[in-house]
Amino acid sequence: MRAEGVESLYPFLYAVDGDLEGVLAEVRRSTVEKATEIVALRRRLAEEQGERLAACAAEMAARFETGGRLLTFGNGGSSTDAADVAQLFLQPRQGRPLPAFCLGSGMAILTALSNDVGFDVVYARQVAAFGRAGDMVFGISTSGGSQNVLRAFEEAHRRGLLTVGMAGYEGGQMAESGLVDHLFVVPSASVHRIQEAQTTAYHVLWTLVQEALGPCAAPG
Amino acid sequence: MTSAVREFDRRVEPGLALVESAEKIARACHAMAARFHRGGKLLVFGNGGGATDAEHIAVEFVHPVVVGKIALPALSLAADPTVVTGIAAREGFAEVFAHQLRQLGDPADIALGVSSDGRCANVRRGLEQARELGLLTVALAGGDGGPLATSPAVDHLVVVPSDDPQVVKEMHVTTYHVLWELVHVFFEHPGVLTEIPGGHPRTPGPAVTP
């Protein structure tokens with residue numbers, strides 16, 4: 001029996017809504033659900049888009065062989081994916097280092113373009129400044145509808161760059177635009193699962209590019 | 001089997017291993033939620049791919065993708081090249097996170113270090129410094145966990161059993177998405193957030209030692 005006086009002195013010992021074991025069980029279940037969901041989503045991606053990833057990697061490898069560079073971009077969590085793609089190609093632990101850089105990493109450039117022109121042009125203007133016809137762009141979005149990503153694809157497409165894109169849901173405007181040569185859509189309605197599957201997809205893409213480039217490139 | 005399918009296939013086992021970490025993740029979320037509840041903030045750090053994780057985690061907490069979830073304070077210590085290169089040039093690369101933790105860390109905060117093999121010296125130093133200051137310490141690692149697996153400075157450790165840094169990173173992304181989501185589940189049950197006022201379930205840090 002709890003003494004009410006003691007309970008008011010030490011409320012943390014008797015937290016009324018504090019069924020800790022119940023909440024812990026709930027969150028454990030949630031983790032198991034999410035883990036199972038992403039494993040299934042990756043399996044579906046392998047089946048439905050594995051061949052297309054290999055075809056994209058072959059084209060990218062050919063461009064790298066002739067001096068092409070990879071420019072990457074995205075917003076929010078996807079900007080960290082863009083940064084991860086660029087650093088993986090540029091300085092892999094194993095395999096061939098390749099020229100790649102992320103257009104979201106220069107704070108002065110991003111804020112200057114946003115402040116002076118508008119956020120929609122932050123990547124397109126950089127594609128115009130850096131992009132050569134033999135280069136490639138990699139744009140990533142969960143919705144497929146980020147205006148600055150779409151504008152960058154438009155600029156890259158116009159200049160003859162190879163355009164590679166990743167999106168979620170049903171691909172959004174990225175799928176409708178016709179501007180993306182190789183588009184990989186993760187068929188999920190969860191932003192989190194989409195990002196997780198995209199991470200695997202671009203890692204696999206990198207591995208396939210390394211394989212296409214030659215024997216020294218095979219990662220462990 | 002094509003290369004692409006083989007590559008996806010070797011993710012299945014590490015993906016399912018996350019299920020085994022459900023208990024650890026739940027305990028870490030509980031401790032993190034208690035720290036946020038006390039007014040603490042999250043300080044995140046890592047190198048290379050781990051630096052991109054640090055920034056992703058920061059934006060996840062500060063600007064939630066799910067409408068209606070409150071913004072929680074989180075900062076990446078790897079985001080500013082001015083600061084990172086400045087400290088690295090003067091004190092050495094191993095100190096880049098520890099230095100920032102000394103200046104920016106409060107005892108109620110959470111330090112979260114990301115290292116795909118557990119062997120990043122600056123991540124280990126950051127966690128040690130954080131523990132000394134009384135912060136809750138959480139680490140995401142891979143492989144055998146390296147020195148982080150046995151470090152007394154780490155309160156909560158999730159290790160992805162893979163030696164491939166890319167595979168480890170992918171499982172980390174799911175892990176921190178789940179960490180974010182479940183911290184908010186604990187927020188829906190505020191009664192359970194006051195049960196571990198110190199937040200150090202294993203060994204008490206200096207700030208909570210009586």
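**Sheet, helix crossing and chain contact in a predicted model**

Author: In chain A, 5 strands form an open sheet with parallel pairing, in the order β2-β1-β3-β4-β5. This is a predicted model, where local features need pLDDT of at least 70 and side-chain atom pairs pLDDT 80 or more, while totals for chains, interfaces and linings use all residues. Residues are numbered from 1 along each chain as its sequence is written, with chains lettered from A and ligands numbered from 1 in the order in which they are written.

Reader: Why do β2 and β5 of chain A stand at the edges?

Author: β2 (100-102) and β5 (182-186) of chain A each have a single partner strand, so one side of each is left without a neighbour in the sheet.

Reader: Why are α3(B) and α8(B) called oblique to each other?

Author: Their axes, lines fitted to C-alpha atoms over the stretch in contact, with angles from 0 to 180 degrees between N-to-C directions, cross at roughly 55°. Angles under 35 degrees count as roughly parallel, over 145 as roughly antiparallel, 65 to 115 as roughly perpendicular and the rest as oblique. The two helices are therefore oblique.

Reader: How many residues of chain A are in contact with chain B?

Author: 45 residues of chain A are in contact with 46 residues of chain B (C-beta atoms, placed from the backbone, within 7 Å). α2(A) supplies the largest share of the chain A side, 21 residues.

Terms used
Helix = DSSP H or I, 4+ residues; strand = E, 2+ residues; numbered from the N terminus. Contact = placed C-beta atoms within 7 Å. Pairing = 2+ DSSP bridges.
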